[in-house]
Structure formats: structure tokens, C-alpha cells
Amino acid sequence: MESAGAYGGGKAGGAFDPQAFVQKPPVIVRSVCWLFSVIVMGCISAKGWYISKTDGKEYCVYNDDTNACNYGVGISVIAFVASIAFIVGEYLFEQMSSVKTRKHYVLADMGFSAFWAFLYFVGFCYLSNAWGKTENPPMGTANNMQGAIAFCFFSIFAWVACAFFAFQRFRMGADAAFAPAYEVEGAGSPGTFPAYPGAPDPQPAYSDPPFQQQHTGNMDYTAPTY
């Protein structure tokens, strides 16, 4: 990741790129969670209740179990709000200069996502069981009820993916923020050091040791005269 900061985020104070933000995997998965929560909530709210002709009371289509409808709508409403909050948090994450604040955000993201994946799993099992016991569902409600069950199932994997991305960030920790500044990639051969900014180009190394005479051919020796 380029310009990686603490816990996998960008350097605090960097320029915001909307296109890069939208293409980030955590943002994409959060948007999917938001969409699935809208579908589950809409399916149950639209066709999940019917009025009995015998007593005039309103009952849940899922085997007349009011708790089943309330549970499906309840976890979806909270998931709807939480998805928006975490998308906003994803934007603010790049602006967090405190490593401790980023850590708290990542832990909250990981814990909430894992817990909500579990709640959607419970919801999937609960609604599937209640629907299996429903003998005579009202006309025109089957598609909505089955759709809510299906998207509860899909939501499990979406929230698990959110927890996985948060866990990856947690593993990164603050290593990127505290990496030594002198570690420069491709800094030259061993034993050499990069020049400081603005320094003149280094002089070429001597091809031969200085002050060393080179003898070529045969040389006559002349005795000194006194």
C-alpha cells in the first residue's frame, strides 16, 4: 500500500481522492452491507405483516411469530445505521493523526462486524425455521419472506468480510507509522550511503591507487654520480 500510515490507513493530512476512496475494499463491502440491510428491512416491512380476518389483529407472516419480524427488522435497521457510520468513519480514518484513536476504531470495527455477522446468522436460522412452520402464508408474501431470508444469509458473509478487513488492519498495527526514515529502497551497494539533499554529485573513484607508479616495459637503471 502506497503512503501507508498506522493500521493500514493513509498518512494523516493527505489529500482526499474520492475515486480511490470509493474503490477501497472496506468501503465497497460496507456499501454491500448497507444494501442488504435495506432489502431485508424492506421485504419484511412491506409484506411481513397481515391482518387476521377472524380477530382483526396484525400478525407476522413468519408463523404468526411477531418476534421473528421484529428481529429481522431490528438487526437490519441497526445494520443500516452502522454501515453509514462506518463509511463515514472510513473517511475520517485517513484524518486520524493519533495511532491510539486508529487502534480503537479498528477494534470497534472488528468487534461490531463479527458480532453482527453472528446476529445475521441467528436471524437466518430463526426466520428459516419460522418460515418452514408457516402453513398458509397470505397471497403474495412468499417472495418477500424468502427474499428476506436469502439476504440475511448473504449479509453473514458481507459482515464477515468487514471483520476480516478490520482484522488485517489490526495485524498491521503501527509498524508502518514507526518505520525508520533512513530505510530507503534501492539505496545503493553495501558500504555506501545516500547523499543528503542538495549535495554535489560524488567524484568518480580513482581507478588506481594514488601515488603508485606503473612500470611498463624494461627500464634502464642509471647509477647516480657523486
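How far apart do the end C-alpha atoms of residues 32-51 lie, and how much of the span is helix and how much strand? I found the end C-alpha atoms 33 Å apart, with the span at 80% helix and 15% strand.

**Ground rules.** I am working on a predicted model, in which local features need pLDDT of at least 70, side-chain atom pairs count only at pLDDT 80 or more, and totals for chains, interfaces and linings use all residues. Residues are numbered from 1 along each chain as its sequence is written, and side-chain values use heavy atoms, with hydrogens and water left out.

**Overall layout.** I counted 5 helices and 2 strands in the protein chain. Helices (H or I, at least four residues) and strands (E, at least two) are DSSP runs, numbered from the N terminus. Along the sequence, I read the pattern α-α-β-β-α-α-α. I noted that 31% of the 226 residues of the protein chain count as buried; buried means under 20% relative accessible area, exposed over 50%, and partly exposed in between (1.4 Å probe, protein chains only). I then looked up contacts, meaning heavy atoms within 4.5 Å. Of the contacts in the protein chain with a separation of 6 or more, 76% come from residues 24 or more positions apart. The protein chain exposes about 15100 Å², and carbon and sulfur atoms supply 62% of that area. Accessible areas come from the Shrake-Rupley method with a 1.4 Å probe; for residues, only the protein chains shown count as cover.

**Annotated spans.** I checked UniProt, where an unreviewed entry places the feature "transmembrane region" at residues 32-51, 71-93, 105-127 and 147-167. UniProt positions are given in the numbering used here, feature names are shortened, and annotations may be inferred rather than shown by experiment. For residues 105-127, I noted 32 Å between the end C-alpha atoms, with the span 100% helix and 0% strand.

**Salt bridges.** I searched the whole structure and found 3 salt bridges, each a side-chain nitrogen of Lys or Arg within 4 Å of a carboxyl oxygen of Asp or Glu.

I looked at Glu-90 and Lys-24, whose side chains meet in a salt bridge at 3.1 Å, N to O. Glu-90 is in helix 3 and Lys-24 in the loop between helix 1 and helix 2, so the pair links distant parts of the chain, 66 residues apart. Glu-90 and Lys-24 are buried.

I next looked at Arg-169, which forms a salt bridge with Glu-90, the closest N and O atoms being 2.2 Å apart. Arg-169 lies in helix 5 (residues 142-172) and Glu-90 in helix 3, so this pair ties together parts that are 79 residues apart in sequence. I noted both Arg-169 and Glu-90 as buried. Salt bridges that share partners join Lys-24, Glu-90 and Arg-169 into one network.

I also looked up Asp-109 and Arg-30, which form a salt bridge with their closest N and O atoms 2.0 Å apart. Asp-109 lies in helix 4 (residues 99-132) and Arg-30 in helix 2, so parts 79 residues apart in sequence are tied together. Asp-109 is buried, with a relative accessible area of 7%, and Arg-30 counts as buried at 4% relative accessibility.

**Surface patch.** I found a nonpolar patch on the surface formed by Phe-16, Trp-34, Leu-35, Ile-84, Val-88, Tyr-91 and Leu-92, with about 600 Å² of accessible area together. Patches are made of residues with over 30% relative accessible area and no salt bridge; like charges are joined within 9 Å, nonpolar side chains (Val, Leu, Ile, Met, Phe, Trp, Tyr) within 5 Å. Helix 2 (25-47) and helix 3 (66-93) each supply at least two residues of the patch, and helix 3 gives the most, with 4 residues. I placed Phe-16 in the segment before helix 1 (18-22). Phe-16 counts as partly exposed because its relative accessibility is 42%.
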